[in-house]
Amino acid sequence: SQTNGILRTSLPAPMFSRNDFSIWSILRNCIGMELSKITMPVIFNEPLSFLQRLTEYMEHTYLLQRANACPDSTQRMKCVAAFAVSAVASQWERTGKPFNPLLGETYELVREDLGFRLLSEQVSHHPPVSAFHAEGLQQDFVFHGSIYPKLKFWGKSVEAEPKGLITLELPKHNEAYTWTNPTCCVHNIIVGQLWIEQYGTMELLNHRTGEKCCLNFKPCGLFGKELHKVEGHILDKSRKKLCALYGKWTECLYAVEPAAFEAHKKIRDWYARPCVRLTPFQGSSGALEEVPSPAADTVEMIPGSQLLWRIAPRPANSTQMYSFTSFAMQLNELHTEMEASLPRTDCRLRPDIRAMENGDIDVASEEKKRLEEKQRATRKDRSKCDEEWKTRWFQQGPNPHTDSQDWLFCSAYWDRKYSQLPDIY
């Protein structure tokens, strides 16, 4: 999937309006349930598989290359933390749901211009687990993990908890970092405008030095004051604060001396004191139902800060294109010369996603149904013959840095010998 040359800047067809569809009619029986077991109409999807959506971690690969070039471990941790925050930035305003990958589905992306290649595979269906493995083309990093998204519906919102461990290795420094992602929540899914927040703690650990970066993704809070905010510290192995980090996952991330951060916070908190004491009910039904609106450039820079990362602006046509970034628009692009080298399990060859991208909603819907039924029938046949499903490119084993169960890449994929692949489409 070499993508040298011209990359597309829009999808073949704009997205259609979701206004005529009632998500409530489908979800009213599902409160508190896990959504992976519920068949959702294609209208709520975006034309990408979850395997392609995962690949959006790689949009800011330059931060890994920058980390590798830093001689100092704290500076490296800053870049790795910025990479981890930038990985969730593409979710901003992305309210479409990616297609659930079929068991055995794969996705590869080779980007020589960005300096990496990646492979992912759907290694389990119940529970749904997606494994991925990316490597720098200069052997400068290895980035891998497996994600098991738990989706829950809570009446007005859908919460996605991305269970699973992410590992980054920088061989030149003999270092490994591990972390997990924050929880993502889509609000107002029944009525009103959809909006997204991420919340929870992200803890990055450098296994060689014992340095830790603890980042707090803040929930929106009353009147949306904390919306999109990320704050935290890099600590050495004796828990001494080496550096403070702050910003927004939709915008930018800064690093600054801990003392400057504390002083700024004191002043900020003093100015933020409420003149009027609000009862808990004030605003709890009114204010929070609205879409919290961020101001223009919303991160106040503390003097002496270092900018670690800033988001690239979305393309002008993004709203008509499922709020995709430029990077996301290129993920499902298929050239004739690529087809010859891709295995038949690659997402780009998946007919329901292709039809949706082309604006053929009815075809997309029929194909999605057909593929899901085909998958169920194959599973039945396997259980009749007592056959175990065998993954192709990943196998289960202990993560070398944490000893927890993980999915590890068996590097044969890039030899391009794709015999005996399952017929999943």
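Start with a question: is D403 buried or exposed? Have a look before I tell you. D403 is exposed, because its relative accessible area is 63%, and the cut-off for exposed is over 50%. Keep in mind that this is a predicted model. D403 sits in the loop between β17 and β18, the latter spanning 405-409. Its phi is near 70°, a positive value in a residue that is not glycine. Most residues other than glycine have a negative phi.

Now a second residue of this kind. D386 has a phi near 55°, again positive and again not a glycine. D386 is in the loop that runs between α9 (361-384) and β17 (394-398). Its relative accessibility is 72%, so D386 counts as exposed.

While we are in this stretch, a word on the record. An unreviewed UniProt entry annotates residues 354-388 as "coiled-coil region". What does the model show there? Over residues 354-388, the chain is 80% helix and 0% strand.

Let me step back to the whole chain. The protein chain has nine helices and 18 strands. Of its 425 residues, 53% are buried. Take contacts between residues at least 6 apart in sequence: 62% of those join residues at least 24 apart.

Next, a pair of helices. Two packed helices are described by the angle between their axes and the distance between the axes. Look at α3, residues 62-69, and α4, residues 73-89. Their axes come within 8 Å and cross at roughly 170°. Over 145 degrees counts as roughly antiparallel, so that is how α3 runs relative to α4. Which residues make the contact? From α3 come L63, L64, R66 and A67. From α4 come R76, C79, V80, A82, F83 and S86. Sorted by class, this contact of α3 with α4 has seven nonpolar residues, one polar and two charged.

On to the cysteines. C184 is in strand β10, residues 183-187. With a relative accessible area of 10%, C184 is buried, since buried means under 20%. Who are its neighbours? Leaving aside residues up to four places away in sequence, C184 touches Q91, V158, E159, A160, I196, E197 and Q198. C184 and E161 are 23 residues apart in sequence, yet 6.4 Å apart in space, C-alpha to C-alpha.

Two other cysteines, quickly. C220 is buried, at 3% relative accessible area. C410 is partly exposed, at 23%.

Last stop, the backbone between two strands. Which residues does a cis peptide bond join? H126 and P127, with omega about -5°. P127 is in the loop between β4 (116-124) and β5 (129-136). For context, most peptide bonds are trans.

To recap, D386 and D403 each have a positive phi. Helices α3 and α4 cross at roughly 170°. Over to you.

Note on methods: Residues numbered from 1 in each chain as written. Predicted model: local features only at pLDDT ≥ 70, side-chain atom pairs only at ≥ 80, totals over all residues. Heavy atoms only, no water. Axes fitted to C-alpha atoms, helices over the stretch in contact; angles between N-to-C directions. Helix = DSSP H or I, 4+ residues; strand = E, 2+ residues; numbered from the N terminus. Parallel < 35°, antiparallel > 145°, perpendicular 65-115°, else oblique. Contact = heavy atoms within 4.5 Å. Nonpolar A, V, L, I, M, F, W, Y, C, P; charged D, E, K, R; others polar. UniProt positions renumbered as here; feature names shortened; annotations may be inferred. Buried < 20%, exposed > 50% of the residue type's maximum accessible area, 1.4 Å probe, protein only.
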